Amino acid sequence: MTTAFITHADCLKHEMGAHHPERPARLSAIEDQLIASGLASYLTKFEAPLASDEELSRAHPLEYVKAIREVAPRAGTVHLDPDTAMNPHSLNAALRAAGAAVLATDLVLTKKHNSAFCAVRPPGHHACRARPMGFCIFNNVAVAARHAIHQHGLERVAIIDFDVHHGNGTEDIFEGDEHVIMASIFQHPFYPYSGTDNPASNMFNVPLAAGSGSKELKAAVTNTWLPALNDFKPELIVFSAGFDAHAEDDMAMLRFTDSDYAWVTEQVKTVAERHAKGRMVSMLEGGYSLSALGRSAVQHIRALAGLN
Ligand SMILES: [Zn+2]
């Protein structure tokens, strides 16, 4: 079974300003490297549908979804927070990003594909229950996890977040939820300055000091993530796949390498194969050095597809 690759041209039209790091070229960088590496020919490509209000409202209050629809501009730019803006294409891009999460979950849970990677933007893991934040509008991994639980009847979904920033929105949505655990690493102290103050018992957060690299990642995964995941026995794994912890990424100060993204994916894949019939859904989050982003995404997707 091949790995699904889900994206949409609408996600290239969402722009938040000329010098904003979360830019359309990020998706082109990933597609370029998929072609250059030869990996593209092993993937089955899908266009992301628009998420429905029902699908979004499993992760966000319906009033929030309606407020985002209302604030979306017909012309010009509207700022949702100092870092997050909408242009006239942003609403559709955000609906496609969340819709990709739904389609990926459907493809994987109906056995059409073992795994799926969604090259979409805006990202989602800072989007809280009722607040956009940090380049994020809807929480895409939360939409995937809740779709798996409500539509497909799953009892246990694990979210893996290896973005350099703490997924505070995902934690806000799932803290104390018996159906979901989140295992994450993030630079600390660093934006959004969360994840370390008495996290709920279903949150397996490992803060890493600036300068941490492969060794600290491996310790976090081996000592914290894998025991938690094997104990929980997830039926589906959903990645918040951010690549901004790469050493070449100026957004933060962790020192991961290309091969770390293959390694961490392979470790999680062993859990997926043991407990979840190999089922994995991966949503793009951060990653702002275009070259490192493209190369790292290839490492991650190749490992998802079992082509290493
Ligand atoms: Zn990030």
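The model is predicted, so local features are reported only at pLDDT of at least 70 and side-chain atom pairs only at pLDDT 80 or more, whereas totals for chains, interfaces and linings use all residues. Residues are numbered from 1 along each chain as its sequence is written, and side-chain values use heavy atoms, with hydrogens and water left out.

The secondary structure of the chain comprises nine helices and ten strands; helices (H or I, at least four residues) and strands (E, at least two) are DSSP runs numbered from the N terminus. The C-alpha atoms occupy a box of roughly 50 × 45 × 40 Å along the principal axes. A compact globule of 308 residues would have a radius of gyration near 19 Å, and the 17 Å of the chain agrees with this; the radius is taken over C-alpha atoms, and the globule rule is 2.2 Å times the number of residues to the power 0.38. Of the 308 residues, 59% count as buried, where buried means under 20% relative accessible area, exposed over 50%, and partly exposed in between (1.4 Å probe, protein chains only). The chain exposes about 11500 Å², of which carbon and sulfur atoms supply 50%; accessible areas come from the Shrake-Rupley method with a 1.4 Å probe, and for residues only the protein chains shown count as cover. Contact means heavy atoms within 4.5 Å. Among contacts between residues at least 6 apart in sequence, 75% join residues at least 24 apart.

Eight strands form an open sheet with parallel pairing, in the order S2-S1-S5-S10-S9-S6-S7-S8; two strands pair if DSSP finds at least two bridges between them. Strands S2 (43-47) and S8 (203-208) stand at the edges with a single partner strand each, so one side of each is left without a neighbour in the sheet. From one strand to the next, the twist averages 15°. Angles run from 0 to 180 degrees between N-to-C directions, and axes are lines fitted to C-alpha atoms, for helices over the stretch in contact.

Strand S7 (residues 180-187) is largely enclosed by the rest of the structure, because eight of its eight residues are buried. Val 180, Met 182, Ser 184 and Phe 186 lie on one side, and Ile 181, Ala 183, Ile 185 and Gln 187 on the other. Five bridges join S7 to S6 in the parallel sense, with Asp 161 partnered by Ser 184. Six bridges join S7 to S8, also in parallel, and there Gln 187 stands opposite Leu 208. S6, helix H6 (residues 168-174) and S7 make a right-handed β-α-β unit; right-handed means that, with the strands pointing away from the viewer, the path from the first strand over the helix to the second runs clockwise.

Strand S6 (residues 157-161) also pairs in the parallel sense with S9 (residues 236-241) over five bridges, and Ile 159 has Val 238 as its bridge partner. Helix H8 (residues 258-275) lies across S6, S9 and S10 (280-284), at about 165° to S9. Helix H9 (residues 290-304) packs on the sheet, touching S1, S2, S5, S9 and S10.

Ile 30 belongs to helix H1 (residues 25-37) and is buried at 0% relative accessibility. Leaving aside residues up to four places away in sequence, Ile 30 touches Phe 5, Leu 284, Leu 293, Gly 294 and Ala 297. Ile 30 and Ala 119, 89 residues apart in sequence, are 7.8 Å apart from C-alpha to C-alpha.
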